[in-house]
Amino acid sequence: MPEALPTARRLTIFAAIVACFGLSMGTARGAELSLHGKAIYEKQCAMCHGENGVGVEDYFPDPLRGDLSISNLAEMIADTMPEDDPEACLGKDSLAVATYLHETFYRKPLPKSLRPQRVSLARLTKTQLRQSLADLYAYQGNTIPLAHAQGLKAMYFDGSKHKDGNLRIERVDAVLDFDFGHKGPGKKIDPQDFFIQWQGAIQADSTGPHEIVIRSSCAFVCYFGSYQRQFIDNHVQSGARTEFRRSLVLTAGRIYPLRIDFFQRKRKTEQPPAKISLSWKPPRGVEQIIPSRNLLKVEAPAAFSLQTHLPPDDRSYGYERGISVDRQWDESTTEAALEFAQVAADELWPLHQQKNRNKADRDRAQLRLFLSEIIATAFRGPLDEHDQKTYVDDPVDATEDDLEAILRSLLLTLKSPRFLYPGLDTDRSSSQRAASRLALTLFDSLPTDTWLFLQARGGELAEETQIRAAAERMLDDHRARNKVRELFHGWLNIENQIEITKNEEHFKDFNAELLADLRFSLETFIEEIVWSKSSDYRQLFLADWTLTTDRLANFYGDTWLPKAANTRGLQPSAGDPGKRFGVLTHPYLMSRMAYHTNTSPIHRGVFLTRYLLGRMLRPPQEAFAPIAAELHPDLTTRQRVVLQTGGRNCQVCHKRINGLGLTLENFDAVGRYRIVEREHPVDASGSYTTRDRKQIDFAGPEDLAELLAYGEDAHRTFIQRAFHHLVKQPVAAYGPDTMTYLLASFEQSNYNLRELFVEIAVIAASDSQKRVSNEQGDSDEK
Amino acid sequence: MRNRTTRRDFLAKAGISTAAAQLVWNLPSLTSAAATSRATKQRLVFVFSPNGIVPKQFWPETLGEEFELKRILQPLEKFKSQMMTLHGVCNQLQGDGDGHMRGIGCLLTGIELFPGDIQGGSDTPAGWSTGISIDQHLKNHLQADPATQTRFGSLEFGVMVPERADTWTRWSYAGPNQPIAPIDNPYKMFEKLYGKSKNRRLLVSVLDGLAEDFRKVEAVVSAEDRHLLSKHLQMIREVERDLQADLLAEEKTSSELGHAIPKLPANILKENDNIPQITRMQMDLLVNSFAADFTRIATFQITNSVGQPRMRWLEIEEGHHGLSHEPDTNEEAYEKLIKINTWYCEQVAYLAKRLDETPEPGGEGSMLDHTTIVWTNELGKGNSHTRNNIPFVLVGGGLGFKMGQSLDFGKVPHNRLLLSITQAMGFPEKTFGNPEFCTDGPLTGLV
């Protein structure tokens, strides 16, 4: 049950190599061997691995479970065990231990107490808390329909006022970077006296502090986060001041209203030429004009982005989980609650008052109504009498000051387990539970959309078909798109944007701009595949086209020219059959997993083994520096790697790593296709032994791409990652056959990614056990 | 030495309770800071009211100590011996900007405005001030010295300032092109001054409800899940215990320091008719901030240049600026302007009274003895837009000037008064603002 095991950190030594051949033997002999093995295990192994391989806290805490064949397991035991004296268990002894292990616990599910098999109660992770508060601000259910980013809506007026009759130009501006000089922006517009309004929204790619930079030679006012919230007020053009900066924390995937009013005012004195640009510096990024892919022309509702810093969550299972609480976390939730409550008092309460100004307000009925609406949203369902008293009436009655009542009530609400632990939902109706779990799975957030709210209230999410329909609908949402984007970042191990530099002599023009284009190309390629009609997972490895820009075509050559001539921006390239395989050979990945001048088959191999095929590897026994290429000027990279990793100990893992990594030797340190290295023809052959012990030989990258596109190991790995990322619970917690079921339905859907995400969301959101029966007799604890 | 820090001041500044202080008292750096400073505190607050005054009902006709108080200044009667009127001090700055803009923008800065695109009623358009204002200049000096450093250095109060950043709505500048927005919402000011403490109290008040909530949900989860919830609840109990201890220490410290957190009336909105109440609330917060030594410098801006408050509480329906343009022959308007300016003077008198009633913490006399209120205006007279004879009325002993007199300087640039003020605060300068207006140095006859 490898999917039940922790993946990222805990590397079970016994699973480190894969078997090539099964071993056949007679039953009697097997029994005898096993008995012998048991004796050895108890004497030499149990001290560290524990009785029945449950692990020993101080030595080897991980349960002794894995997927190696007997022969392979025996081989590894002979090579490496016991750790203090690997010579002490060889030959027949090691085979005996391997046999014993196989016949007893090695391939069996863990004892219940050791299995992370139940849906355990978890608090909101930091991402979930941040996203939930963003949606709580939008408790009235305003959401933005999915829209393509393409720039901001612009209106150009003659005269420095917004006057309908003076509107001269109406268009979409892809980016804000204008120098109108003394000539003005267009015909019939007085260059000395005009007004421009840009309106739309900004979508953030990542969470963290973003510095917004506006350079303007004229007066302007920038509204951000809401069309009423002044962000930078330069209503007065004064002296030579032209640069305005302000930072705030934005949340990945969220959309923030933006409006800029720009004035060139006629005056008696000398006028500066009119110029304006809108830039930003995203977290860990460089300052740049905000690209059109982050600008939307839509009208966006007011948004809230938490500024409070939240500490990181536990990732020991390979994905973020809210499974621990401490003072630092507690303090940050207090701070977050107060921040939200203050904004609710400052912005949401006046809005409510304004909207209900003609309604009765006896005994502060409006304040009570306002609070109950927000709290019901935070608690993912209606308030009962007790809740109404505790969260609304008591805080309101405690003070005559409305603002203090709001702070008190919302502080209590947002610190409450009812908000912080979404799993405490047993008293909710099944439709409400489904809505809340869907929102958590697909948005990391609360169910606030009006339609979802109404379906939950009306009991329309009780049936699986209804849940499925809701999940399908929810995928067409910015929040779901963002969560899926982050899934792919994790899968390809590109969550962190790192600086990649290359040997300038060999790779002239490989610079930060090129790298930004590459990342954009890879990210957009994935989105195109995922959100296309067929949403075919296999195309991620089989597509022979990519997305390109002029800069990329200049660097990578003619096969990177756009398919359609005379186009601008990111464009599909023509196909390059046999030389380009989707994400697998994308230069962004190839350059990341390469050295300054040379490739790194080991990085590539480890990545393929762990991330794409989901196999476990133990860390190297000690740190090795790669052999410098200069020491062996005649050797190819393959030859050098083979030379360095040829040792018996190394080969335990490197047999697998090299077999995969060397298959990509056609792609140099910046991902350019090559057939010759150092005057030798490139040898891109390799091999892989599957989980069910079939050896597959590769002639080159095409065979590897097919393995990843069609092979079960890759499917299983992707499904598991998707499940963990979306649900943040182990797959087996939803029944021991959940993985089998998902694998089968993935195949039936022609590897449709969208359908996979829907399937996962349905499993997470359903109460009913529609999945394969639970053989171990585990009861669902929830 | 100018400044003296008492042990209590020191405790307040360091933010430590007496109990905690017992523990840290032996640290050499702390003892020396508390023991070696020996001087009284000096505080300064600039109060702004707009649109000029009615000179005949404002300026005393008799100079010297035997001056009389005209109608507008009558509310200050009680403080006659602690006040000073300065006639003949003129804002002589030229350049871009209309009279109102230069009136307010050069008032505390003593320097011209930048060229810009904000067009007033006449003259050329302008931008922000090209220099720092005197309050911020003094703040920087005071904050640079540990002996005079305070939590905020300066506080910028406002009353009904429009939600519009332009030359007419700003008078305090951190530097060239750096106008400072006053806080005109008393609740926001309260938040700034006491937010942390308030939040701690709020948290304590909700923790009990929270614990009950935890017990309720614990009942419905499995034993394994209950473990996490119990841990969480236990942590909440610890937080509660620590907070209670903090609050106790805080209360002890603040009662020892002689100031408690003020209580504001609830639900007062930013509306014209609430101006009197907002002004009171802000002044009370100002007095509290001084008492707690959160700051020694403040500005207090009532509305803005060209401000249009409608003083319905005085039975005046028209906006102030509109009335200020009426000719002197319009008797009705004239009378209303006197009433309006008298109301502003009442506010200054209220502030003086509050300071006078409060004993100087850790010092001698009242807080008014250690504070000077500088009440001023962007214009000498509304209907002429003159910036000659800018109203300057000083109340209180913070600057150490010889009070209880009426002075006339003829026609001197107001930069010289700014020089006198910085000198009196212990930071003499050769120039402040435009050096052309500083050649004769600080004003004489003030001390």
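Student: Where does pLDDT stay under 50 in chain B, and how many contacts beyond four places in sequence does the model have there?
Tutor: In this predicted model, residues 14–38 of chain B stay under 50. The model has 28 contacts beyond four places in sequence for them. Residues 1–7 of chain B also stay under 50, with 20 such contacts. pLDDT is the predictor's confidence on a scale from 0 to 100, so treat those contacts with that in mind.

Student: What pLDDT does chain B average?
Tutor: Chain B averages 89. Of its residues, 90% score at least 70. For the complex, the predictor gives an ipTM of 0.80 and a pTM of 0.83.

Student: What makes B:Val348 stand out in the largest nonpolar core?
Tutor: Its contacts. That core has 305 residues, and B:Val348 is among those with the most contacts inside it, along with A:Leu411, A:Leu438 and A:Ala761. Helix α10 of chain B, residues 331–357, gives the most to this core, with 11 residues.

Student: Which residues does B:Val348 contact, leaving aside its neighbours within four places in sequence?
Tutor: B:Val47, B:Leu76, B:Ile373, B:Trp375 and B:Val395. A contact requires C-beta atoms within 7 Å, so each of these five names passes that test against B:Val348. As background, nonpolar side chains in soluble globular proteins tend to be buried together.

Student: What makes up the contact between the chains, and which element of chain A supplies the largest share of its side?
Tutor: Chain A brings 36 residues and chain B brings 41. On the side of chain A, α5 (327–355), α8 (402–415) and α9 (417–420) each supply at least two residues. The largest share, 7 residues, comes from α8(A). By type, the side of chain A has 12 nonpolar, 10 polar and 14 charged residues.

Student: How is chain A divided into domains?
Tutor: Domain 1 is 2–114, domain 2 is 124–143 + 308–416, domain 3 is 152–296 and domain 4 is 512–710. Over C-alpha atoms, the centres of domain 2 and domain 4 of chain A are 48 Å apart.

Terms used. Residues numbered from 1 in each chain as written. Chains lettered and ligands numbered in written order. Predicted model: local features only at pLDDT ≥ 70, side-chain atom pairs only at ≥ 80, totals over all residues. Domains from an automatic or database assignment. Contact = placed C-beta atoms within 7 Å. Helix = DSSP H or I, 4+ residues; strand = E, 2+ residues; numbered from the N terminus. Nonpolar A, V, L, I, M, F, W, Y, C, P; charged D, E, K, R; others polar. Core = buried A, V, L, I, M, F, W, Y, C linked by C-beta atoms within 7 Å. Buried ≥ 20, exposed ≤ 12 C-beta atoms within 10 Å, placed from the backbone.
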